[in-house]
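The sequence and structure come first, followed by the description.

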Amino acid sequence: MELHQEIKTLAAQLGAILTDKCLWITTAESCTGGGVSYALTDTPGSSAYIDRAFVTYSNQAKQDLLNVSAATLTQYGAVSEQTVREMALGAIAVTNADIAITVSGIAGPGGATPDKPVGLVWFGLHINDKQLAFKQVFTGDRAQVRLQAIVFSLKTIIEQIK
């Protein structure tokens, strides 16, 4: 299945689950630039489960909108388990959502370091009062990394919500 179609299918599936369970979701995205929230809101009826979302591309935005601490960003960097966990907690704290998915990664082509290669993406998930974090390294160009991160986000929420 082509990635764009897979995203539409997964978003519709997740939307149906959220509607059925009367759950609200929020997103806080960096490298995906709002792609997860776009996928969710592309589904008709999405106002029943998504009220707001965040694109926090810069460190300052992560601090201002999601209360990610400057110390975390300095010590671990924006692309880290610690940061996506704080992003998820912040997103839950400033919304009425039951679920928060957060994404921060290096889509490329630049920005990589020896410890953080292009394609590295961290995901934070706050669900059922649980904090989870996932690390993936995707291959391909910038667009492919971003699309794979959106697919992973949607699949992970569906898996964890069931």
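## Core, pocket and backbone

The largest nonpolar core has 34 residues, of which Leu14, Leu18, Ile25, Leu40, Ile99, Val121 and Leu154 touch the most other members. Two or more residues of this core come from each of helix H1 (3-21), helix H2 (35-41), strand S3 (99-105), strand S4 (120-127) and helix H6 (142-161). H6 gives the most, with 10 residues. The model is predicted, and local features are reported where pLDDT is at least 70.

Apart from this core lies another core, of 17 residues, including Val79, Val84, Met87 and Ala100.

Leaving out residues up to four places away in sequence, Val121 touches Cys31, Val103, Ser104, Gly105, Phe134, Lys135, Gln136, Phe138, Val145 and Ala149. Ser153 is found in helix H6 and counts as buried because its relative accessibility is 0%. With neighbours within four places in sequence set aside, Ser153 is in contact with Val36, Ile101, Val103 and Phe123.

Val84 belongs to helix H5 (residues 81-93). Val84 also counts as buried, because its relative accessibility is 0%. Not counting residues up to four places away in sequence, Val84 touches Thr102, Ser104, Trp122, Phe123 and Gly124. Val84 and Ala28 are 56 residues apart in sequence, and their C-alpha atoms are 8.8 Å apart in space.

The pairing of S1 with S3 is parallel and runs over five bridges, with Ile25 standing opposite Ile99 in S3. S1 also pairs in the parallel sense with strand S2 (residues 54-55), over two bridges. In that pairing Ala28 stands opposite Phe54 in S2.

What is the volume of the largest pocket? The value is about 200 Å³. Its lining consists of His4, Ile7, Lys8, Ala11, Gly35, Tyr38, Ala39, Asp42, Thr43, Pro44, Leu147 and Ile150. H1, H2 and H6 are the elements that give two or more residues to this lining, and the largest share, four residues, comes from H1. By residue class, the lining of the largest pocket divides into seven nonpolar, three polar and two charged residues.

Most residues other than glycine have a negative phi, and most peptide bonds are trans.

| Residue | Phi | Location | Relative accessible area |
|---|---|---|---|
| Cys22 | about 55° | loop between H1 and S1 | 65% |
| Asn128 | about 50° | loop between S4 and strand S5 (130-137) | 53% |

Cys22 is classed as exposed because its relative accessible area of 65% is over 50%. Asn128, at 53%, is classed as exposed because this value is also over 50%.

Where is Pro109 found? Pro109 is in the loop between S3 and S4. The peptide bond from Gly108 to Pro109 is cis, with omega near 5°.

Methods. Residues numbered from 1 in each chain as written. Predicted model: local features only at pLDDT ≥ 70, side-chain atom pairs only at ≥ 80, totals over all residues. Heavy atoms only, no water. Core = buried A, V, L, I, M, F, W, Y, C linked by side-chain atoms within 4.5 Å. Buried < 20%, exposed > 50% of the residue type's maximum accessible area, 1.4 Å probe, protein only. Contact = heavy atoms within 4.5 Å. 1 Å grid on protein atoms, 1.4 Å probe; cavity = no way out; pocket = protein on both sides within 12 Å on 5 of 7 lines; lining within 4 Å. Points joined across faces, edges and corners; volume = space filled by probe spheres on them. Nonpolar A, V, L, I, M, F, W, Y, C, P; charged D, E, K, R; others polar. Pairing = 2+ DSSP bridges.
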